[in-house]
Amino acid sequence: MIIGILNIKGGVGKTTTAMALATAASRDGGAVTVVDTDPQGSATLWEQASQDNSAPLPFPVVSRNKAEIRRMRSNRPDSNGEIIFIDCPPNGDVISETIKTSDFVIIPSTASPIDLQQTMATCEACQDAGTDYAVLIVMARRGTSALASFRHTIEESGAGIFDTEIPLRESIKNTFGYAFRSNLSGYEDAWNELKEAVK
Ligand SMILES: Nc1ncnc2c1ncn2[C@@H]1O[C@H](COP(=O)(O)OP(=O)(O)OP(=O)(O)O)[C@@H](O)[C@H]1O
Ligand SMILES: [Mg+2]
């Protein structure tokens, strides 16, 4: 199974989501790989730092370019049952290649009105490509009107959205460069929802 994690908005938690969901999937017993397609290489840096910090990740991180992502459509490196999470940059052709290659796309977004337009545009790109997708609200501040209003707008548009919301947590931010601790702060629920969605 190939899961794309993308949004044309930058800094919305794509890399964090890729690493946390890959952790949940690997704790579930599956073979997991994170594919880093971002020239900034944040997922790769995370993996390298986790080795330096003696807190290695339970899955490999590999780097691939847009041609290699396109080729995965015929290669199917997941044919052995592996779960592949593709972490995308916020811009470039690799986004549309990943949408076409993925079985399912997760669109992380904060509930901020400033993210809405680009999150909706990303939903449309998935819709146009015929790829199933759902928005995952991250860095959520429980009980705020922005959160309720963002969810309402996405639901009204007919786009898919996870019931799970990932809270804003310093502990999540501070996990960069380390393996996640036992508590995945809601990402285990998102993983369970994802498994249902791709059944
Ligand atoms: N749930 C959270 N709570 C607190 N901080 C978070 C949370 N999720 C992500 N962050 C922080 O937000 C910042 C952006 O996250 P991240 O790098 O995952 O986003 P991105 O979408 O991959 O960014 P880019 O577009 O640059 O690739 C990072 O500092 C990260 O640690
Ligand atoms: Mg990133």
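This is a short walk through a predicted model of one protein chain with a ligand.

Overall layout to begin. The protein chain has eight helices and seven strands. Its radius of gyration is 16 Å, close to the 16 Å that the globule rule gives for 199 residues, so the chain is as compact as a globular protein of that length. Along the principal axes, the C-alpha atoms fill a box of roughly 40 × 35 × 30 Å. Buried residues account for 43% of the 199. Now contacts. Take the pairs in contact that are at least 6 apart in sequence: 80% of those contacts join residues at least 24 apart.

Next, the ligand. Which residues are closest to ligand 1? They are G10, K14, T15, T16 and K173, out of 19 residues that surround it. Helix 1 gives the most, with three residues. By type, the shell splits into nine nonpolar, six polar and four charged residues.

On to the core. In soluble globular proteins, nonpolar side chains tend to be buried together. Here, the largest nonpolar core has 54 residues. L21, A22, V34, F85 and L136 have the most contacts inside it. Strand 6 gives the most to this core, with eight residues.

Look at F85. What does F85 contact, leaving aside neighbours within four places in sequence? The list is I3, I5, A18, L21, A22, V34 and V35.

Now helix 4, residues 94–101. This helix is mostly covered, with six of its eight residues buried. Those are V94, I95, E97, T98, I99 and T101. What covers them? The cover includes strand 1 (2–5), helix 3 (66–75), strand 4 (83–87), strand 5 (104–109) and helix 5 (113–129).

Last stop, G4. G4 lies in strand 1. Is G4 buried or exposed? Count the C-beta atoms: 30 others lie within 10 Å, and burial takes 20 or more, so G4 is buried. Not counting residues up to four places away in sequence, G4 touches I86, C88, T98, I99, S102 and V105. Two of those, T98 and I99, are among the buried residues of helix 4. For scale, G4 and H152 are 148 residues apart in sequence and 24 Å apart in space, C-alpha to C-alpha.

That is the tour.

Notes. Residues are numbered from 1 along each chain as its sequence is written. Chains are lettered from A and ligands numbered from 1 in the order in which they are written. This is a predicted model: local features need pLDDT of at least 70, side-chain atom pairs count only at pLDDT 80 or more; totals for chains, interfaces and linings use all residues. A residue is near a molecule or strand if its C-beta atom, placed from the backbone, lies within 6 Å of it. Helices (H or I, at least four residues) and strands (E, at least two) are DSSP runs, numbered from the N terminus. Ala, Val, Leu, Ile, Met, Phe, Trp, Tyr, Cys and Pro count as nonpolar, Asp, Glu, Lys and Arg as charged, and the others, Gly among them, as polar. A nonpolar core is a set of buried Ala, Val, Leu, Ile, Met, Phe, Trp, Tyr and Cys residues joined through C-beta atoms within 7 Å. A residue is buried if 20 or more other C-beta atoms lie within 10 Å of its own, exposed if 12 or fewer, and partly exposed in between; C-beta atoms are placed from the backbone. Two residues are in contact if their C-beta atoms, placed from the backbone, lie within 7 Å. The radius of gyration is taken over C-alpha atoms; the globule rule is 2.2 Å times the number of residues to the power 0.38.
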